[in-house]
Structures are given as C-alpha cells and as structure tokens.
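Please look through the sequence and the model shown below, and then follow the explanation step by step.

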Protein chains: 2
Amino acid sequence: MDTITIRMPDDFHVHFREGELLRRLAYLVAQQFGRAIAMPNTLNPPIRTVDDAIPYRDEILMHSGNGFQPLMTLKLYPDTTPEVVRGAHAAGVVAVKYYPEGVTTNAEDGVSVGRLSELYPAFEAMQDIGMLLLLHGEMPGVFCLDREAAFLEVLRRLCSDFPGLKIVLEHITTAGAVEAVYTLPATVAATITLHHLELTLDDVIGDKIMPHNFCKPVVKRPQDREALCYAVTSGNPKFFFGSDSAPHPICAKECAEGCAGVFTAPVAMPRLMEFFETLGCLTKLDPFVSQFGAEFYGLPLNQGTLTLVREPWIVPVEYAGVRPYLAGRTIIWRIAE
Amino acid sequence: MDTITIRMPDDFHVHFREGELLRRLAYLVAQQFGRAIAMPNTLNPPIRTVDDAIPYRDEILMHSGNGFQPLMTLKLYPDTTPEVVRGAHAAGVVAVKYYPEGVTTNAEDGVSVGRLSELYPAFEAMQDIGMLLLLHGEMPGVFCLDREAAFLEVLRRLCSDFPGLKIVLEHITTAGAVEAVYTLPATVAATITLHHLELTLDDVIGDKIMPHNFCKPVVKRPQDREALCYAVTSGNPKFFFGSDSAPHPICAKECAEGCAGVFTAPVAMPRLMEFFETLGCLTKLDPFVSQFGAEFYGLPLNQGTLTLVREPWIVPVEYAGVRPYLAGRTIIWRIAE
C-alpha cells in the first residue's frame, strides 16, 4: 500500500499563536486538517470576547490557505457573562476554555477553582445554546504529577451540575483520566495528543533533560501512556484528536526556564499514521481524527479527503525558529502534494 | 548569633572534573570542606586503577589549596581484579564506585547488574582490606522514577553476600531508599545531597523546565523529600553529606539534550546552614557534615574548623561558565574569610 486516503481530519486543540509564528506556521495545520480549534490563551491579549475572536479568526484565515476553517474559542474570565457567551455563540464561536488560575501559560489571570461557581451563569448559558466547555484539567498548587488526578473532582462536579453541558477534558495524560472520561456520561469527552501517545517522563528527564518534549500536563508513566493508547484504539467515540501543537522559539525552550509546549504540527498526520499502523490499528485512525470530534462538537463531517504517501522523509530540525517534535527523525508517511 | 563555627566538614561525593573546570572550581570545595570523595567517572578516561588515581589526586591537590585532602576512588570495571583493588588500597584509594552500565554520565562501559557476580572476587578483596563500595543506586532500563526502588534489591543482595563490606548508597532520593538503609545492617549507609533535600519534580518540570535542577537520580515527590529531611535531622549516623556537586558548562545544560548534574559547590555549607536553621535543627548539622561520614569511612574527625558568618550574599549566576544552584538567590550565611 503506497498511499492512504482518509476523510479530511480535524485538530481539536491548536495554538496558532500570533504575529510571525502564526504567519509562518499556520499552513502546517491547514495542509493536514479541515478544521482546528484555535486556543484562546497563548496570544497577548488572550481572546476574551467575540470582539477579539473575529479579528483573530480573520488573521488565521489569512495565513492558513484555502478551505481551512478555524474554530474559535474564548478564554474564561471572571467577567465572562451569559451575554458574552451568547454574543460569541451568535458569531460562530464554538467553545469556552477554562484554565485554572496559575496552571499554565498565561493563566495567571484566570478563574480560580474555588471561585468557579461564580461562573455558573455562563455555564448555564453555554448549556442552553450548545456551546462547549473545554478544560485544562490540572489543579493548581498540587504536585505536578498529581494535578490531573486532583482535577477530576472538578470535572465530576461540573458534569453533575450541568448535565446538558458538553465538556472536553483536554490533552489527558493519565490512566485515571481515561477511566474518568469512560465512566462519566456521554456529555464528557477528551482530546488526546500525539506526543502523549508516544512519550513518558523517560523522554523528558530519563537520560538527558529534553525541553522540546516538555509540555503541560507533563507526560507521565508508561502505564498512563498505555491507557491512552488503549483509549484511542478502542474505538470509543469519547476520545478524539487534539494535537495541542504549541510552537515556542528554540531560545524559549533551550534555556534556564524553558516553556511548556510540543510543536507537533509539522508531523501530526504522518506520525499518527505511522503510530496507528505500528499498533496494527490503522482502521481506528480515521474515526479518531475525522469523526468522533466532529460528532461531539455537533459539526458535519468534512467533505474533503487527505492523502498520505508512503515516502520516508526526515523531519527538519527547525521551522521558523521552532524545533518540531521528532526533529531529525525519519517518518515513513508524508502528506501528498 | 552572627557567626557559627563547626568542625571542618567533609563532602563525601564531589565531581571535580578535570582541565579548566577542575582548575577554576576546585577551590570552592576546598574552602568549605576538609576532605572530599573525588568521583572517578566524569573525566576522560575515568579513574580505573591506582595509576590513574594518583596523578588525579595530585592534580586536585594542585588546584585546591592548603590543607585540603581529596579522597580517591576507582570506577568499577569488568577488569577490576582483587589485585587492582589491593594495589589501589595500598596507595590510599578509599573506595570503588559502581555505576550500573548505562545508568548515568560515562556509564556506558560499566558492569551490568546481571554480571555483577563476576566482580565478587573484587568485593571480597575490598571486604578483607576495608575498602568501601559506593553505589549509584539506579537500575538501568527501568522507568526513571522507579530506578532507585528497583535497585534496592541489588543493595540487599550485596549486603547479604558481603556482610563485612561497607556499602554507601549514594545520593538517595526516595522514602523507600531511606527505609531500606535504616533497616539494613550497620555496614550500609547513604549520602544525601543538598538539592535532594530541597527540590522535588516541581522544581524541574512543575512550571517551566529547569535544566539546572536536573540530576540523576532525578528529584522525586514531596513525600520523598520529606523522608530525606527526616533522615538527616533524625541524627541517625547512617546518613551523611555528599553534595554530588557536578558542574556542566551552561551550554551543556541549556540545550536540546541537557546533562544531568547540579552544581552546588559554591553554596553547599552556607545553604545547609540556612536549611538546618530553618528546620530548627542546627545541632544536627555538625554530625551530618563532620562526623557520621568520617566515622563510617573509618577516618579521623577533622581537626580544623569552619566558620560561617550571618551576612547575606547573592549567589553569582555563573562560575567559570557554570551556573550554580540557587543562582541569583540570596543566602543568609557565608563562609568567613
């Protein structure tokens, strides 16, 4: 088999950034995905209302090429009112993202977990109109390896308090999170990244310290990675792809205090193809990247297709000053021209 | 209290390196410690026999100033015979260090755990003549956070097979290792570093990724750190100080694949003083740094003294191209001139 053609996939978690990184790197997402959820936090200022979201959508569109559709989100703030939610929804914004205060990049000004109930009017509005709540599922102030587990209680409470609200636990990393998403109602789903399927802490601090494999939530134990692999190959529609591709300039990674984020956009679909093929589960790839996410979001499936060719290539060591995931490594599949 | 004078301490685990790093940094150890165990692995070639150890001792002496005494060690190799051991002992070498093959810097050519029994003649000779066996206690091929726990079985076997051999489990990092050393016979002791007393994984990968806090064995969970603090403040003579101070040029830390090692030499005694004072256990510092180690090694206690002055200073961000532990932070105690 020399080529494979699948339904055009979607990426339900992307950091497009802004300025030069956006201009020079957005095409990498657009050439592999029909749509992508644009994260609202890692630009300055973050996307707070529809008045931020619309120009940002236009900017992404300008640099991402024909036919690509960015899906916009707001970052949840203490002043995210039902009116803000409804106004954004009317303009096509599909979700609101919650970052517990202090937990990741640009989350210093977020809503603390303790005050989340003050946002219940916004969540009610979202539940009414069918807007999704996306969660960075880590509890601030907890030891790094336990943050996701500690946050599951918040997930359960939100799920119980808003039985009609669609919730996505983003970039899950632990067996415990897989188990929680399995057992919670059908309103709860999770995104899984490529790098969390492949890496453990051994790839970050096992031999040398590898800042380009560092992200939040940090990758965990081998048994956690295995639980994620099981989730994506089980065919359960609660688990779908979100790359969390997050470019940082090399100097912001290779330094005394390196930033969190793995830049997987250049290799996402080729490497996923290779990964699923190695597992002997190639038939599970299409629903994971092209169906389950769209269905959960209530979007039509993409009409187009994506073709990959079995033609080995070496991943460049740099794109616009950013070192990609698997830099210098050979990948067997590539995107067809 | 503006000054404190204690018995001159010893550091039972130091990487002096060689060449420029040795020439420019050895004085930092010598100004705080009467003696220091010189690790045999991180120079090229490593210290394999007495013929390597003697010139290395002379080189350290040349750059460390009056009155300082380096204590020499050999690195264990497949060809470390009883004759090698006896020859080294006769020349004053005090210990042999075992690095399981592949487990840390320059351990690619070591002895695998599976073939350790082939070295039993050497261990018997060491037991006979009173030479110590120092262990890098991590099991290769195991997930990074579990390597020390997996190695404890090897420690127990060696302890059982050589009841008269003095064994030091170096730079312990987990509650499990503390417990094992407590319960094993009096022939087994452990060194504890400054940075393992202070750091957890939150200081390496909790927010940013911090290569200058990365070492092997990697720092662990808060409860592991607490177990180490309890061990050093309990007054149990099985636990004594070994800094594992390990300078790397900044460019070897702040890069895509950063080296393991924390350079604590510039701050060791001042920070230990501050640390024990904060814990309200200042009386436990003297035996931890000046008595228990010497007694375990069978060395006389140092005759000299070390005086520290309560006089805040800011740790320089660089010594000879190496970034020290706590760079840029203020420490309340300093070594008296």
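Are α3(B) and α4(B) roughly parallel or roughly perpendicular to each other? In this predicted model, helix α3 (residues 82-90) of chain B packs against helix α4 (residues 120-129) of chain B at an angle of about 30°, and their axes are 8 Å apart. Because angles under 35 degrees count as roughly parallel, α3(B) and α4(B) are therefore roughly parallel to each other. As for the sense in which they cross, α3(B) passes α4(B) in a right-handed crossing. On the side of α3(B), the residues that take part are P82(B), V85(B), R86(B) and H89(B), and in α4(B) they meet P121(B), A122(B), A125(B), M126(B) and I129(B).

Strands of a sheet pair through backbone hydrogen bonds, and the pairing is either parallel or antiparallel. In chain A, eight strands form an open sheet with parallel pairing, and their order across the sheet is β2-β3-β4-β5-β6-β7-β8-β9. At its edges lie β2 (10-14) and β9 (239-241) of chain A, each of which pairs on one side only. On average, and with direction ignored, neighbouring strands of this sheet are turned by 30° against each other. One of the pairings can be followed in detail: strand β3 (residues 35-38) of chain A pairs with strand β4 (residues 69-75) of chain A in the parallel sense, over four bridges. R35(A), for example, has Q69(A) in β4(A) as its bridge partner.

The last step concerns how the two chains come together. Chain A contributes 25 residues to the contact, and chain B likewise contributes 25 residues. On the side of chain A that touches chain B, the largest share, three residues, comes from helix α8 (residues 202-205) of chain A, and the residues of that side divide into 15 nonpolar, four polar and six charged. Since 100% of the interface residues of chain A are also interface residues in chain B, the copies meet through the same surface.

Methods. Residues are numbered from 1 along each chain as its sequence is written. Chains are lettered from A and ligands numbered from 1 in the order in which they are written. This is a predicted model: local features need pLDDT of at least 70, side-chain atom pairs count only at pLDDT 80 or more; totals for chains, interfaces and linings use all residues. Two residues are in contact if their C-beta atoms, placed from the backbone, lie within 7 Å. Helices (H or I, at least four residues) and strands (E, at least two) are DSSP runs, numbered from the N terminus. Ala, Val, Leu, Ile, Met, Phe, Trp, Tyr, Cys and Pro count as nonpolar, Asp, Glu, Lys and Arg as charged, and the others, Gly among them, as polar. Two strands pair if DSSP finds at least two bridges between them. Axes are lines fitted to C-alpha atoms, for helices over the stretch in contact, and angles run from 0 to 180 degrees between N-to-C directions. Angles under 35 degrees count as roughly parallel, over 145 as roughly antiparallel, 65 to 115 as roughly perpendicular and the rest as oblique. A crossing is left-handed if the near helix is turned anticlockwise from the far one by less than a right angle, and right-handed if clockwise.
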